[in-house]
Amino acid sequence: MSVNNFKELEKEQIEKFDSSRKKQVKNNIDSSLGVFQFIGDIFGLYIPKVMGIFVRMSGGSNRSQIDNSEKSKKYPNQ
Amino acid sequence: MFINLLNPVLSDKRTEMKSDEEVVKLYLETQDGRYFDMLYNRYSGKVFGKCISLLKHEEKAADAMQDVFVKILLNLSKFSGKSRFSTWIYSITYNYCIDTIRKKKKNPLVSVDDLANAHDTADDINDSFLLEMNIKRLKVVLDKIPMKDKTILLMKYQDEMSIKEIGLMTDKSESAIKMKIKRAKQKFKKVYKEIYKEL
């Protein structure tokens with residue numbers, strides 16, 4: 001087998017990465033992702049409402065209200 | 001599927017054997033964090049090794065590694081499968097570390113081309129000169145050569161990327177990559193000579 005001391009050097013560097021550091025970095029990654037997810041959820045929750053407000057302010061009507069009124073016409077007993 | 005539900009350990013063992021590309025696909029389909037954990041377990045050591053090799057500081061390397069993994073996770077859907085997953089991860093790592101160093105240094109790094117022009121006529125250097133070098137000396141010389149030369153040598157000899165893969169990752173032609181490797185080796189040899197007065 002041919003010698004490759006670049007690989008040996010890599011092994012030496014990986015050995016410096018102990019399990020406690022591995023866990024710590026993983027926890028940090030999870031918390032960073034948690035923040036991203038939270039921001040994403042906020043946007044997902046409020047952006048449609050804000051858009052709806054803009055639509056109503058500009059004289060349009062909310063699509064869900066139209067759907068409901070059409071439904072009630074079609075199915076009056078529901 | 002039914003067997004998997006009955007025996008989650010068996011299911012886990014089967015998943016352990018899956019290739020990186022399969023795990024990525026499963027993660028994107030299910031968004032199950034265990035698949036990302038699997039990729040993290042496979043690559044965290046190597047990514048840390050590369051960060052410490054380039055940044056030369058354990059704490060900074062750990063911070064960089066954290067950012068690299070967040071970047072990987074956020075961009076996982078962009079992994080096209082054109083290259084190996086490991087190649088993709090390493091290129092993100094190298095680019096991140098190079099950017100970090102660049103931001104710190106006010107002076108931009110000297111381009112590989114500029115450095116190499118002065119000694120373009122040197123002979124080709126045998127790979128065994130690099131591969132069989134004493135590890136301590138290898139580390140010292142790698143730390144002394146410019147970042148871009150170091151990166152390309154690590155891609156070629158440590159990550160065993162092909163010329164084609166390096167070209168794909170750096171958006172350069174294969175002949176340009178061959179030239180860059182040649183020049184990086186020449187630079188390596190020159191620095192080695194200066195430090196150890198040998199050759």
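## B:Arg84 and its partner

B:Arg84 is partly exposed, with a relative accessible area of 37%. In this predicted model, the side chain of B:Arg84 forms a salt bridge with B:Glu165, and their closest N and O atoms are 2.8 Å apart. This pair links distant parts of the chain: B:Glu165 belongs to helix α11 of chain B, while B:Arg84 sits in the loop between α5 (58-74) and α6, 81 residues away. B:Glu165 has a relative accessibility of 14%, so it counts as buried.

Let's turn to helix α6 of chain B. Helix α6 covers residues 85-104 of chain B, and at 1.5 Å a residue its 20 residues should span 28 Å; the end C-alpha atoms are 29 Å apart, which agrees. Because 14 of its 20 residues are buried, α6(B) is largely enclosed by the rest of the structure.

## More charged pairs in chain B

Side chains of opposite charge can pair when their charged atoms come close. Over all chains, a search of the whole structure finds 15 salt bridges. One of the pairs joins B:Asp159 and B:Lys50, at 2.5 Å from N to O. B:Asp159 lies in the loop between α10 (147-158) and α11 (163-170) of chain B, and B:Lys50 in helix α4 (residues 33-55), so the pair ties together parts that are 109 residues apart in sequence. Both B:Asp159 and B:Lys50 are buried.

Another salt bridge brings together B:Asp143 and B:Lys150, with 2.9 Å from N to O. Here B:Lys150 is buried, with a relative accessible area of 2%, whereas B:Asp143 is partly exposed at 26%.

## Where the two chains meet

Now for the place where chain A touches chain B. The contact involves 22 residues from chain A and 36 residues from chain B. Between them the two chains bury about 2800 Å², with 66% of that area on carbon and sulfur atoms. A:Phe6, A:Gln13 and A:Arg21 supply 25% of the area that chain A buries against chain B, more than any other three residues.

The rule finds 5 salt bridges between chain A and chain B, and 13 residue pairs are in polar contact. On the chain A side, the elements giving two or more residues to the contact are α1 (5-15) and α2 (19-57). The residues on that side divide into 9 nonpolar, 5 polar and 8 charged.

Definitions and conventions
Residues are numbered from 1 along each chain as its sequence is written. Chains are lettered from A and ligands numbered from 1 in the order in which they are written. This is a predicted model: local features need pLDDT of at least 70, side-chain atom pairs count only at pLDDT 80 or more; totals for chains, interfaces and linings use all residues. Side-chain values use heavy atoms; hydrogens and water are left out. Contact means heavy atoms within 4.5 Å. Buried area is the accessible area (1.4 Å probe) that two parts lose on being put together, summed over both. A salt bridge is a side-chain nitrogen of Lys or Arg within 4 Å of a carboxyl oxygen of Asp or Glu. A polar contact is a pair of N or O atoms within 3.5 Å; within protein, one must be able to donate a hydrogen and the other to accept it, and residues adjacent in sequence count only if both atoms are side-chain atoms. Helices (H or I, at least four residues) and strands (E, at least two) are DSSP runs, numbered from the N terminus. Ala, Val, Leu, Ile, Met, Phe, Trp, Tyr, Cys and Pro count as nonpolar, Asp, Glu, Lys and Arg as charged, and the others, Gly among them, as polar. The expected span of a helix is 1.5 Å times one less than its number of residues. Buried means under 20% relative accessible area, exposed over 50%, partly exposed in between (1.4 Å probe, protein chains only).
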